4 protein chains.
Amino acid sequence: MLKVGLLGAGRIGQVHAVNIANNPRSTLAAVSDVNTPAAEKLAARHGAVAQSSDAIIADPSIDAVLVATSTDTHSDLIEAATAAGKAVLCEKPVDLSLERARACLDKVGATGKPVMIGFNRRFDPNFAALRAASLRDDIGKSELLSVTSFDPAPPPVSYVKVSGGLFRDMMIHDFDMANFLMGETPVTVSAIGSALVDPEIGAAGDVDTAVVTMTYADGRIAVIKNSRRAVYGYDQRVELLGAEGMLQVTNMLENTVVTSTAAGVSSAKPTHFFLERYMPAYAAEWEAFLAALLDGAPLPVTLEDGVAALAMAEAATESLRTGSPVTLKG
Amino acid sequence: MLKVGLLGAGRIGQVHAVNIANNPRSTLAAVSDVNTPAAEKLAARHGAVAQSSDAIIADPSIDAVLVATSTDTHSDLIEAATAAGKAVLCEKPVDLSLERARACLDKVGATGKPVMIGFNRRFDPNFAALRAASLRDDIGKSELLSVTSFDPAPPPVSYVKVSGGLFRDMMIHDFDMANFLMGETPVTVSAIGSALVDPEIGAAGDVDTAVVTMTYADGRIAVIKNSRRAVYGYDQRVELLGAEGMLQVTNMLENTVVTSTAAGVSSAKPTHFFLERYMPAYAAEWEAFLAALLDGAPLPVTLEDGVAALAMAEAATESLRTGSPVTLKG
Amino acid sequence: MLKVGLLGAGRIGQVHAVNIANNPRSTLAAVSDVNTPAAEKLAARHGAVAQSSDAIIADPSIDAVLVATSTDTHSDLIEAATAAGKAVLCEKPVDLSLERARACLDKVGATGKPVMIGFNRRFDPNFAALRAASLRDDIGKSELLSVTSFDPAPPPVSYVKVSGGLFRDMMIHDFDMANFLMGETPVTVSAIGSALVDPEIGAAGDVDTAVVTMTYADGRIAVIKNSRRAVYGYDQRVELLGAEGMLQVTNMLENTVVTSTAAGVSSAKPTHFFLERYMPAYAAEWEAFLAALLDGAPLPVTLEDGVAALAMAEAATESLRTGSPVTLKG
Amino acid sequence: MLKVGLLGAGRIGQVHAVNIANNPRSTLAAVSDVNTPAAEKLAARHGAVAQSSDAIIADPSIDAVLVATSTDTHSDLIEAATAAGKAVLCEKPVDLSLERARACLDKVGATGKPVMIGFNRRFDPNFAALRAASLRDDIGKSELLSVTSFDPAPPPVSYVKVSGGLFRDMMIHDFDMANFLMGETPVTVSAIGSALVDPEIGAAGDVDTAVVTMTYADGRIAVIKNSRRAVYGYDQRVELLGAEGMLQVTNMLENTVVTSTAAGVSSAKPTHFFLERYMPAYAAEWEAFLAALLDGAPLPVTLEDGVAALAMAEAATESLRTGSPVTLKG
């Protein structure tokens, strides 16, 4: 039974709290949040105590912490928790600064403690099934990957300004998806992008619509498309073309009703946003973390994976600025 | 090169004329119609002559006739043409009277000439592929057949009054489809039906919505659903459940455009009506007729098949009247 | 906070236990089972006590009981629990005997206590959305309902022998679905059926493949198809044709991966069986029961509904035996 | 009635011959080919005469020529035919040399004769319906276009060597599709590509897998993906994301049969290759050419369009060579 401290009682912290509490192999012992009443409320719901993050990290009875705080605190908390001998599951991204994230990686390496980054999409049953099919060699050698990832609506500009930009904030999931499905990191990253959805996003120095192309050492190719707005819902699809076929993940729909009228044939929209789409993924992610800690399974997403995705985001940001492809350092 | 006389220059006769003329192994030599200008116009378009049906049947240079006249003339024309030594492809149904159709079958048998009934749906690439899969044993022994067949809109009541009723006019196609896919005729036929679409159809003594269930000697089951109105288009589907799986034919759509908006995800309607859906089937039907006459292939739909479907329509009509299942005579 | 006693700790009882315990407005206080260790184990998992059914019913602190015991105990437990002043949610069917179920209805009526029957499919998000669309008049007046309900594999013959037969055990769900979607009970019921899947089922006097057609007072029509075996998974679909269109519920698939190879295009199978397909429905069912008890919402499925479905099952059983349609008494 | 000379009796010439001959407003008068027997055979089938291209162009009774010869002859034939006063429909591409194509455009401009380039995909009912929906403003302002275009199998390397490369030979269709759907030409073109399918293609200096990204003056974005090999068939899809939704064209399938077994749910493959997929498009293309010549409709694809697509292919070729985006001259 793993005793867990949850750092962060916001929207995503609440999702994790349920999974920690419902899993028969873990118990939610403590919750922290800068908003103390939020921590107290969430703790009460699951029979846990509300404490400061420092107190949780200092508590020797806590085996692991789940970091679901704001991004700017991630590196510090990872370092503190691993230094205190705890295993860590940290929400993405590791940091907005690649340099800081690499420093964190060095420090954690010295402790030898396991740190998993919460790239939840790897645990989505659909993407996981696609990868299993690829590893089973259902389509032969993969050649061309396409990732489509559109949010239903743009975030407030105030959020955009502190987000680190579309590549670090949103496309980082897709960079990790590419690493997950291609089995290696790319050699070059090339980005184009515009503020088409909201001119305020452009005024804030960011883009809301972007395409990144990447090449791999053996010539393989990946394309990622992002938009901050798909009015029909959360659009999360992948296509992997291989020598012997193609694998696709299509969207999950809100329901399976089909309506045929004189106006046409219509079906439900994709599930609205990430909480609806990825709720099963969050539970599977927690299960995988427990399997790594308790059963000796390999850690399915490492801190190195988090740093790798961040390096790709930084390269894409630079490519967008310069208008030229960026070569990643090996 | 088969020299062909076409009896009937209406809508369906015009479809056949194109297929006869375009096929490199047949030529359209003559066209008749009670409406002489219609025959002349169609003949002119294909380099044929307009003549009376009698003259066509009497012309020794004509090898085969295609009967696309009104139903009440079918039996007489089949008998006259076969007596004159011609092969015949006749539109369904053979006759509205089962007794008359059986008499026709006897007369034709004495001539030994080939008579094919135009159950065009057997030649639809989708239904043909389903049957091929069934014969390939893709789903093991078939157990339960469902045929859905809805027209886009009801015909005029004036037509309904002379049509012989829904079972002889519309469901006869589905009775033949059941025979085609189950490989035998049923033992019992049970019908329910109502005039839900148009009360005038009810006032004319017919129904516009009906379900027929049928049982086979070995216990297998078939269901046919008919409606005179599906406002979204021509709905033509089949499902065959077997011991090792299910085969389905779904509708063909007008195009493959999918539109996703805040209102939902919509696609095109099914192809509008039988001419759109079954145009390739009519060409394949003619090809199959030529293959039987010129290559010695077996006749794919016989006059016996036409009589069998008519017997099922008559049984359904009686079952609807009496409220009880009707047992077919072997 | 509703204090609940759960009678029956088997497979379905365990599903209900989780929903009772997870819902913030109910608590699982006690569990009974003829297999005492099963009751104790389930009770322990949810902080409840294991007791006899009699003790639970006699406990004045228990507000409601959920009956998930074997069918032959349902009527007695409903009567005892309501006599003791408790609200009841009882798994389907009410009883295998229509006479006994009607007597139960009379007794319960005298107590005035609410009894809901667990026709879980009404709470499936897909069927619920179809009904909402129908009530919204998306397809105009409904005319022709088709329900397809195939299990993945037949139950053991030992179960079949005590099940009351396919119509009472399996199709009863579909009879209720018809009542749910058509908004009234039918006037006539006509059944055909065979033992095609397993001859042992036939030897036990039951069928494993069946089709029932039903007519309504205003001429509308419904068809239900059942098979005990669809090797591709749990097949649960509905089609409702109306004057202005058609509504369909299609199957939910295990995942959204599509694989295209030289062999064709393939996707995942339907979810395996009722626990996978209807897990969200069970939670929604419990939520609806709470809404009725605590918020004054109308009871969404009544004991009368349970008796009505049973009357249809009995009529279908008789129709299969006699080969003739059976008229339901109003 | 337009009298037409067909230059080129190869595979695509034969398709055009049927459409010219079947259309009631055009007649096929003459056919030429470097392979004289091929011209004679095709001419005979349609009641035309076989002649040299020079003789056809010199024949004052011929109104229009359809150029379906090898690419290296296109510019010369377009110039000669327009100089002789004829309207021209010429297969794509105009030329492999952008300079030569521009010179051709200048010469043709001086004659004032209409020249249409055979970008057949504009006339595919699916792509045409997508564009109509976009023009109808079904999805608001378009923002992000994705074109997927995979051939079923690579051509022989001998063909690759004289093809002008993937961008001029294959992706040129997709460049025109982008111009068709975006309504303007892009500002920048950036390409990546590899020889993943066949190393011989790489040895010949070409690629077989490529992705091109393009930006537009107002910030809009387009992505084109090409592969010479999709073993499951001809993959021809488009997605257009707009401010108020998304439009997609999905593949047409060989038939609508769906097979569900214990192994999964499978459907037919996409139509095999361009002749199957685009047969209706070729007929519609000819119809549109006639409408422009005979009814005064605007020419739907101009020689300018052909030159614009070629300029994009040349830019992509240069971008692939240099590894940097190429800016198109206005």
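Colleague: Which side chain does the side chain of C:Asp72 join in a polar contact of 2.6 Å?

Modeller: This is a predicted model, in which local features need pLDDT of at least 70, side-chain atom pairs count only at pLDDT 80 or more, and totals for chains, interfaces and linings use all residues. Residues are numbered from 1 along each chain as its sequence is written, chains are lettered from A and ligands numbered from 1 in the order in which they are written, and side-chain values use heavy atoms, with hydrogens and water left out. A polar contact is a pair of N or O atoms within 3.5 Å; within protein, one must be able to donate a hydrogen and the other to accept it, and residues adjacent in sequence count only if both atoms are side-chain atoms. The partner of C:Asp72 at 2.6 Å is the side chain of C:Ser70.

Colleague: Is C:Asp72 buried or exposed?

Modeller: C:Asp72 sits in the loop between strand S4 (64-67) and helix H4 (74-83) of chain C; helices (H or I, at least four residues) and strands (E, at least two) are DSSP runs, numbered from the N terminus. Buried means under 20% relative accessible area, exposed over 50%, and partly exposed in between (1.4 Å probe, protein chains only). Because its relative accessible area is 60%, C:Asp72 is exposed.

Colleague: Which side chain of opposite charge is nearest to B:Asp208, and how far away?

Modeller: B:Asp208 is in the loop between helix H10 (199-203) and strand S9 (209-215) of chain B. Lys and Arg count as positive and Asp and Glu as negative, with His and the chain ends not counted, and a salt bridge is a side-chain nitrogen of Lys or Arg within 4 Å of a carboxyl oxygen of Asp or Glu. B:Asp208 is buried yet has no salt bridge, and the nearest such side chain is B:Arg229, at 7.2 Å.

Colleague: Which backbone nitrogen lies 2.7 Å from a polar atom of the B:Asp208 side chain?

Modeller: The side chain of B:Asp208 also reaches the backbone nitrogen of B:Asp198, at 3.0 Å. The backbone nitrogen at 2.7 Å belongs to B:Leu196.

Colleague: Which element gives the most to the side of chain B that touches chain A?

Modeller: Between chain B and chain A there are zero salt bridges and four residue pairs in polar contact, both at pLDDT 80 or more. The elements of chain B giving two or more residues to that side are strand S13 (257-261) and strand S14 (264-267). With four residues, the one that gives the most is S14(B).
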